[in-house]
Amino acid sequence: MNSRSTHLTEYAIKEIISEKFASWKSVSPSNISITRLTGLTNITYKAQAMIDTTPQTILFREFGNAEGFVDSQQERIIFKTISDMDLGPQELECGNSWRMEEFVKDGVHPNNQKMAEANFQFKSMGVLQKFHQMEIPIPNNGSSSIINKTLSGEMKANVIKKIEKRELYTDVELKQLECMENFINNEEEFNYLNKMTRKENNEELKFCHNDLNQLNIFNTSNKDKEIIFIDYEYCSYNYPSYDIANFLNESAINYQYEEAPYYILVDDNFNTAPIQAHFLALSYILNKECTQIEIEQIQKLINEKTNKNKDELKTFIELVKQILEQRLSEQEIVELFHAISYLKRRIRRQQILSNLNWIWWSILLAHEKNSLNFEYIDYGFLRFKMLEKLLELEKARKNTQ
């Protein structure tokens, strides 16, 4: 991802760390390494002392600008709460515009192949189940604020107003915006999205991450924390199906691509999304309803091809049912798989809304004073093309039902 000049220089970062940690005061600036890391909202750095000291490595986060999408005060409460519960990186120090966090030493961001692997997805849904059970002291008014905002007339009006500032954009961006603007002005499409969202809405609100892309997930060698979710800027009480849907969408985008614009759609992951949606729903429910012994038995069945086509998934499901028959009645198994089918449908629909939310994000942050040097409009257009395809599939399903 492209770099930019930041509010804080490397010297300023070193000074802040030395002020907060007495052990760093004696470390010469030449023995401190500051490395810029990837990120789409905040600017993050790995600060490392090249001599023995405590802490030796720190993740330094300079808060970015995502006004209208991120409640900074709420994010601080969330991070501190999760840190205190030992369910994520530890908070070391926090200022008004920055935070120092525990650096996940052996953490590796999963690549797109890993994000689509059945075993990784199954384990991730187990971690997400636990994440959703957390009680965090932030507002919960009984409805999804992120979905309400995404579909609101106010949001559309703000986006249209931003698009009208045509002097901001390049010719290429204007062409991309024209396609998105045609969709935004299509009332029939938005009426469809509103009806689709209300349909079969029996989900209970849970504390959700809402931004599980590969850069916000760490895979580690620690068995107790094999998969860790980080960066809680967009957390809120929401529907679990949205969190899963966003995970699925993000698994199709490679944010570690080495050439401009430093992200790319992974077609194989995106094209297999309907099968993966079914497998993710299955994994989420099984992690919730099964005993630890059953989960271990199910994991033994999983291989990399489990969620790649309908026949393999069908075979896997039959084997899972044989495991469950040892404990559950036939009716209980029927009810469990009804819940899985319901969640699968919700995930597919929420995929559309997740993409729409990131389209809004892209347009509103583009060419703003404090935004990163990132191809926001091009990225928004990528999410728009994903939305178009997913919307087409959803309408096709409706017509065949």
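Biologist: Which residues does Thr150 touch, not counting residues up to four places away in sequence?

Modeller: Please keep in mind throughout that this is a predicted model. Thr150 has its place in helix α6, which covers residues 145-150, and with a relative accessibility of 1% it counts as buried. Once residues up to four places away in sequence are left out, the residues that Thr150 touches are Met155, Leu353, Leu356, Asn357 and Trp360.

Biologist: Which side chain is joined to that of Asn355 by a polar contact of 2.7 Å?

Modeller: Asn355 is found in helix α15, residues 330-365, and counts as buried because its relative accessibility is 0%. Leaving aside neighbours within four places in sequence, Asn355 is in contact with Asn249, Arg383, Met386, Leu387 and Leu390. Of these, the residue whose side chain is joined to that of Asn355 by the 2.7 Å polar contact is Arg383.

Biologist: How many residues apart in sequence are Asn355 and Asn249?

Modeller: In space, the C-alpha atoms of Asn355 and Asn249 are 7.6 Å apart, and the two residues are in contact. Along the sequence, however, the number of residues that separates Asn355 from Asn249 is 106.

Biologist: Glu173 is buried yet has no salt bridge, so with which side chain does the side chain of Glu173 make a polar contact?

Modeller: Glu173 lies in helix α8, residues 171-184, and the nearest side chain of opposite charge, that of Lys162, is 9.7 Å away. Not counting residues up to four places away in sequence, Glu173 touches Leu168, His367 and Ile377. The polar contact of the Glu173 side chain, at 3.1 Å, is with the side chain of His367.

Biologist: Is Arg346, whose side chain meets that of Glu203 in a salt bridge, buried or exposed?

Modeller: The salt bridge between Arg346 and Glu203 has an N to O distance of 2.8 Å. Arg346 lies in helix α15 and Glu203 in the loop between α9 and β6, so the pair ties together parts that are 143 residues apart in sequence. Since the relative accessible area of Arg346 is 2%, under the 20% cut-off, Arg346 is buried.

Biologist: Which residues line the largest cavity?

Modeller: A search of the whole structure finds four cavities of 30 Å³ or more, and the largest of them has a volume of about 60 Å³. Strands β3 and β5 each supply at least two residues of its lining. The lining residues are Leu59, Arg61, Pro89, Glu101, Glu102, Phe103, Val104, Phe218, Ile230 and Asp231.

Biologist: Which element gives the most to the lining of the largest pocket?

Modeller: The largest pocket has a volume of about 670 Å³ and is lined by 22 residues, of which Lys123, Gly126, Val127, Lys130 and Asp224 lie nearest its centre. The elements that give two or more residues to this lining are α5, β8 and α13. The one that gives the most, with seven residues, is α5.

Biologist: What is the phi of Asp231?

Modeller: Most residues other than glycine have a negative phi, and most peptide bonds are trans. Asp231 has its place in the loop between β8 and β9 and is buried, with a relative accessible area of 13%. Although Asp231 is not a glycine, its phi is positive, at about 60°.

Biologist: Which residue is joined to Thr54 by a cis peptide bond?

Modeller: The omega of this bond is about -10°.

Technical notes
Residues numbered from 1 in each chain as written. Predicted model: local features only at pLDDT ≥ 70, side-chain atom pairs only at ≥ 80, totals over all residues. Heavy atoms only, no water. Helix = DSSP H or I, 4+ residues; strand = E, 2+ residues; numbered from the N terminus. Buried < 20%, exposed > 50% of the residue type's maximum accessible area, 1.4 Å probe, protein only. Lys, Arg positive; Asp, Glu negative; His and termini not counted. Salt bridge = Lys/Arg side-chain N within 4 Å of Asp/Glu carboxyl O. Polar contact = N/O pair within 3.5 Å; in protein donor to acceptor, adjacent residues only side chain to side chain. Contact = heavy atoms within 4.5 Å. 1 Å grid on protein atoms, 1.4 Å probe; cavity = no way out; pocket = protein on both sides within 12 Å on 5 of 7 lines; lining within 4 Å. Points joined across faces, edges and corners; volume = space filled by probe spheres on them.
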